[in-house]
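Work through the exercises below with the model open beside you. Try each task before reading its solution.

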Amino acid sequence: MAHERCEQCGNPTPPWDTIHCGSGDGSYELLCTSCFNARIAESTGFTDFENVRLDAIRMIDCDGEAHQFHFQLRLLGDRIALDGFELRGELPAGYRFQQIGEADDDVFVLLGRLVEKIRRALSVRHIDFHERRIIDSTVRGRIEWDESQPGHLPLVVVDGKEVSWDDLGQMLMSMEGWHFRLEIADPSEEL
Ligand SMILES: [Zn+2]
């Protein structure tokens, strides 16, 4: 996918590092993350916000598979959101994690917490994708949009892999008659 130009600094930027920023008059601007943060810092007065660029980190899951995590740090008023995600092409796909902090928090402390969260998640496997079954009795994942089911059914991402709602349903059928509990949590929460 082609890089887009930030409308502020003009730098070509990969899509995962851009933000569609709405302005008061209802129009949208495409900004790179650092121009977005500079603008928020200016409008909120958090001018000592440290706009650090965090290098990607490679981490190994419990099956020995490598995952490359990219980071995006966004200033959101008096809070900061640090997202760690994998890419497919230039777009986020697979595992995705978030850590929320205060605007004056040390970014590297937040990064440390996020990396620990990623490490805990990578140490657990919920689905045996060869046998297409749930390994234990718990499945954790993320609810996403399914292109083939425009708005009707979700696509879930479990163990960093996409699982259609239909496939998840088939896996549940080996437990017919059992009880279950469905819990939904904010992207920065850990279940
Ligand atoms: Zn820019």
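Predicted model: local features only at pLDDT ≥ 70, side-chain atom pairs only at ≥ 80, totals over all residues.

Residues are numbered from 1 along each chain as its sequence is written, and side-chain values use heavy atoms, with hydrogens and water left out.

**Exercise 1. The whole chain**

Task: Describe the secondary structure, the box and the buried share of the protein.

Solution. 
- Step 1. Count the elements. The protein has three helices and 13 strands. Helices (H or I, at least four residues) and strands (E, at least two) are DSSP runs, numbered from the N terminus.
- Step 2. Take the box along the principal axes. The C-alpha atoms fill roughly 55 × 35 × 30 Å.
- Step 3. Check burial. Of the 191 residues, 37% count as buried. Buried means under 20% relative accessible area, exposed over 50%, and partly exposed in between (1.4 Å probe, protein chains only).

**Exercise 2. The largest pocket**

Task: Which elements and which domains line the largest pocket?

Solution. 
- Step 1. On a 1 Å grid over the protein atoms alone, a pocket is an open set of points where a 1.4 Å probe fits, with protein on both sides within 12 Å along at least five of seven lines; lining residues have an atom within 4 Å of a point.
- Step 2. Get the volume. The largest pocket holds about 1700 Å³ of space. A volume is the space filled by probe spheres set on the points, which are joined across faces, edges and corners.
- Step 3. Find the centre. Among the 45 lining residues, Val 139, Arg 140, Gly 141, Glu 183 and Leu 191 are the closest to it.
- Step 4. List the elements that give two or more residues. They are strand 8 (91–102), helix 2 (107–122), strand 11 (142–145), strand 12 (154–158) and helix 3 (165–172). Strand 8 gives the most, with five residues.
- Step 5. Sort the lining. It divides into 22 nonpolar, ten polar and 13 charged residues. Ala, Val, Leu, Ile, Met, Phe, Trp, Tyr, Cys and Pro count as nonpolar, Asp, Glu, Lys and Arg as charged, and the others, Gly among them, as polar.
- Step 6. Domain 1 (4–122) and domain 2 (127–175) both give residues to the lining, so the largest pocket lies between them. Domain bounds come from an automatic or database domain assignment.

**Exercise 3. The second largest pocket**

Task: What lines the second largest pocket, and where does this pocket lie?

Solution. 
- Step 1. The volume is about 230 Å³.
- Step 2. The lining is Arg 88, Pro 92, Ala 93, Glu 144, Trp 145, Asp 146, Glu 147, Leu 155 and Glu 162.
- Step 3. Strand 8 and strand 11 are the elements that give two or more residues.
- Step 4. By type, the lining has four nonpolar, no polar and five charged residues.
- Step 5. Domain 1 and domain 2 both contribute to this lining, so the second largest pocket lies between them.

**Exercise 4. Three residues**

Task: Are Asp 159, Arg 132 and Ile 100 buried, partly exposed or exposed?

Solution. 
- Step 1. Asp 159 sits in the loop between strand 12 and strand 13 (161–164). Its relative accessibility is 4%, so Asp 159 counts as buried. Its phi is near 55°, a positive value in a residue other than glycine. A polar contact of 2.9 Å joins its side chain to that of His 126. Such a contact is a pair of N or O atoms within 3.5 Å; within protein, one must be able to donate a hydrogen and the other to accept it, and residues adjacent in sequence count only if both atoms are side-chain atoms.
- Step 2. Arg 132 lies in the loop between strand 9 (127–128) and strand 10 (133–134). Phi of Arg 132 is near 50°, also positive in a non-glycine residue. With a relative accessible area of 43%, Arg 132 is partly exposed.
- Step 3. Ile 100 belongs to strand 8. At 26% relative accessibility, Ile 100 is partly exposed. Its C-alpha atom is 9.6 Å from that of Pro 187, 87 residues apart along the chain.
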